[in-house]
Amino acid sequence: HPAPAAAPTDEPKPEAKPEDEEKADSSAKTPNTELINSNFEVSVTLADQQADSSSPLYSVKTFEELGLHKDLLKGIYDMGFSKPSKIQERALPLLLSNPPSNMIGQSQSGTGKTAAFVLTMLSRVDFNLNKPQALCLAPSRELARQIMSVINVMGKFTPVQTEYAIKDNLPRNTTKITAQIIVGTPGTMIDLVRRRVIDTSDMRVFVLDEADNMLDQDGLGDQTIRVKNSLPKSQVQILLFSATFPDHVRAFASKFAPNANKIELQREELSVDNIRQFYMDCRDEEHKYDILVALYTLLTIGQSIIFCQHRHTADRISARMKAEGHHVASLHGAKDATERDQIIDRFREGKEKVLITTNVIARGIDIMQVNMVVNYDLPLMNERSNSRADDVQPDVETYIHRIGRTGRFGRKGISVNFVHDRKTWQQMQQIEEQTGKKIMRIETNDIDVME
Ligand code: ADP
């Protein structure tokens with residue numbers, strides 16, 4: 001498995017480019033009014049220049065108008081969805097129209113992208129044909145599992161068959177996958193395609209969730225391109241979704257999904273206002289640890305995620321906290337598959353309150369009770385390609401995704417950044433500038449203020 005997050009190594013490695021997977025709480029029955037009534041503006045650019053994007057043809061107010069199969073509608077209503085979200089109003093008619101067209105969709109986390117592409121996959125596959133027809137790739141196994149849970153809930157009244165392409169899931173001697181929808185991570189997916197366990201000849205839909213991450217040349221780009229190259233040259237609808245599309249992948253995304261309809265939001269609108277952002281001035285690395293321990297009570301009021309840049313840091317601080325009697329869990333790409341699944345499931349069920357992790361779950365993970373995110377280390381651009389340590393830039397996209405793990409669906413959330421020297425201070429200022437959102441100082445001896 002050549003993926004960075006899964007490759008065992010002695011060297012400390014940044015987990016900036018995870019390959020491995022998940023999203024959930026889709027079974028929540030309460031209608032999400034925040035999501036539906038939010039008034040941010042969606043801009044639509046149609047691939048067909050002649051078409052009028054403001055035409056009512058390209059917007060729906062109800063799921064009925066989409067002409068979906070009744071079993072799918074039943075699944076949608078069973079999930080508690082009464083009408084399409086803002087992005088779904090505009091995206092679904094374009095996603096479901098014939099002949100199929102590609103789409104590049106960008107909107108904040110928690111606005112209904114997953115539901116939109118899952119619905120597209122479910123409505124495009126032929127349930128009478130026992131062959132793979134839709135592939136969905138995600139950057140981590142946790143995210144792939146979360147997407148799968150949405151497929152299974154939404155498709156529960158249909159005869160859909162699904163399969164994972166994630167590490168250690170299929171018996172090694174599997175020779176053929178007959179499931180119609182396959183969700184996985186790129187390394188495992190390409191392995192299954194290469195061994196012809198996945199026959200791609202009837203493929204109709206190819207989805208990249210967290211697409212900017214999936215196409216990044218420093219990360220998963222190569223594997224993702226290889227998967228795409230294995231698909232039939234025509235007939236496959238390519239769908240790219242993410243909350244972020246930094247400039248350096250935007251052009252490539254347009255090539256990867258040619259003639260795509262585009263649905264976008266302004267970057268300023270991407271960082272959510274319901275997340276209050278703080279920083280704490282720590283004296284040095286060791287002081288960061290002391291502050292984290294001092295925050296423990298606060299961390300356990302709801303649920304919290306602590307992000308470190310390296311696996312060994314996540315391991316080290318979690319071992320230390322456990323030894324000191326605190327209850328924390330840790331998760332990163334070097335742990336084995338079963339353990340990862342158990343840890344994220346326990347966290348999702350609320351059995352673990354504090355999760356110490358790396359960028360592996362910075363994206364997509366949808367757990368409502370998370371009300372606090374701590375950036376123990378600020379997210380940084382790939383250090384390996386940088387010769388001078390001074391030049392290391394903050395990874396603003398990852399920052400936005402990390403803090404987006406809290407404040408889901410308009411709930412309140414808090415993020416706390418630890419800075420401990422001149423360099424990290426500057427990096428935080430860059431994040432502040434680029435996101436246009438103020439990060440407020442909290443005195444390290446003034447933790448009560450946050451409660
Ligand atoms: P994203 O992929 O943009 O992060 P999701 O598709 O996961 O967003 O949707 C976020 C949450 O809102 C999920 O819990 C999902 O079940 C719910 N949701 C999505 N679409 C609707 C809808 N039309 N009505 C009500 N809830 C919705």
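**The sheet and its surroundings**

Guide: In this predicted model, 8 strands make an open sheet with mixed pairing, in the order 1-8-2-7-6-3-5-4.

Visitor: Which strands stand at the edges?
Guide: Strand 1 (43-45) and strand 4 (162-165). Each has a single partner strand, so one side of each lacks a neighbour in the sheet.

Visitor: And by how much are neighbouring strands turned against each other?
Guide: By 15° on average, direction ignored.

Visitor: Let's go inside. Is strand 6 buried or exposed?
Guide: Buried. That holds for 5 of its 5 residues, so strand 6 is largely enclosed by the rest of the structure. Both of its faces are covered. V205, V207 and D209 are buried on one side, F206 and L208 on the other.

Visitor: How many bridges join it to strand 3?
Guide: There are 4. Strand 3 covers residues 134-137, strand 6 covers residues 205-209, and the two run parallel. A134 stands opposite V205. C136 has V207 as its bridge partner.

Visitor: What about strand 7? In which sense does strand 6 pair with it?
Guide: Parallel, over 5 bridges. There, F206 stands opposite I238 of strand 7.

Visitor: Switching to helices. How many residues of helix 3 are buried?
Guide: 10 of its 11, so to speak for residues 86-96: the helix is mostly covered.

Visitor: Which ones are they?
Guide: I87, Q88, E89, R90, A91, L92, P93, L94, L95 and L96.

Visitor: What covers them?
Guide: The cover includes strand 1, strand 2 (103-106) and helix 4 (113-124). Strand 7 (237-242) and strand 8 (261-264) also contribute.

Visitor: Now the nonpolar packing. How many residues are in the largest core?
Guide: The largest nonpolar core has 46 residues. Those with the most contacts inside it are F117, V118, M121, I147, I151 and I181.

Visitor: Which elements give two or more residues to it?
Guide: On the helix side, helix 2 (70-78), helix 3, helix 4 and helix 5 (141-154). On the strand side, strand 3, strand 5 (181-184), strand 6 and strand 7.

Visitor: Take M121. What is it in contact with?
Guide: Leaving aside neighbours within four places in sequence, M121 contacts A134, L135, C136, I151, I181, V205 and V207.

Visitor: New topic: N417. Where is it, and is it buried or exposed?
Guide: N417 sits in strand 14 (residues 413-419). Its relative accessibility is 0%, so N417 counts as buried.

Visitor: What does N417 touch?
Guide: F278, Y279, M280, N375, L378, Y399, M428 and I439, not counting residues up to four places away in sequence.

Visitor: Last thing, confidence. What pLDDT does the chain average?
Guide: It averages 86, and 85% of the residues score at least 70.

Visitor: Where is the pLDDT below 50?
Guide: Over residues 1-17, for one. That stretch has 51 contacts in the model beyond near neighbours in sequence. Residues 20-38 are also below 50, and that stretch has 76 such contacts.

Visitor: And the ipTM and pTM?
Guide: The model scores ipTM 0.98 and pTM 0.84.

Notes:
Residues are numbered from 1 along each chain as its sequence is written. This is a predicted model: local features need pLDDT of at least 70, side-chain atom pairs count only at pLDDT 80 or more; totals for chains, interfaces and linings use all residues. Side-chain values use heavy atoms; hydrogens and water are left out. Two strands pair if DSSP finds at least two bridges between them. Axes are lines fitted to C-alpha atoms, for helices over the stretch in contact, and angles run from 0 to 180 degrees between N-to-C directions. Buried means under 20% relative accessible area, exposed over 50%, partly exposed in between (1.4 Å probe, protein chains only). Contact means heavy atoms within 4.5 Å. pLDDT is the predictor's confidence in each residue, from 0 to 100. A nonpolar core is a set of buried Ala, Val, Leu, Ile, Met, Phe, Trp, Tyr and Cys residues joined through side-chain atoms within 4.5 Å.
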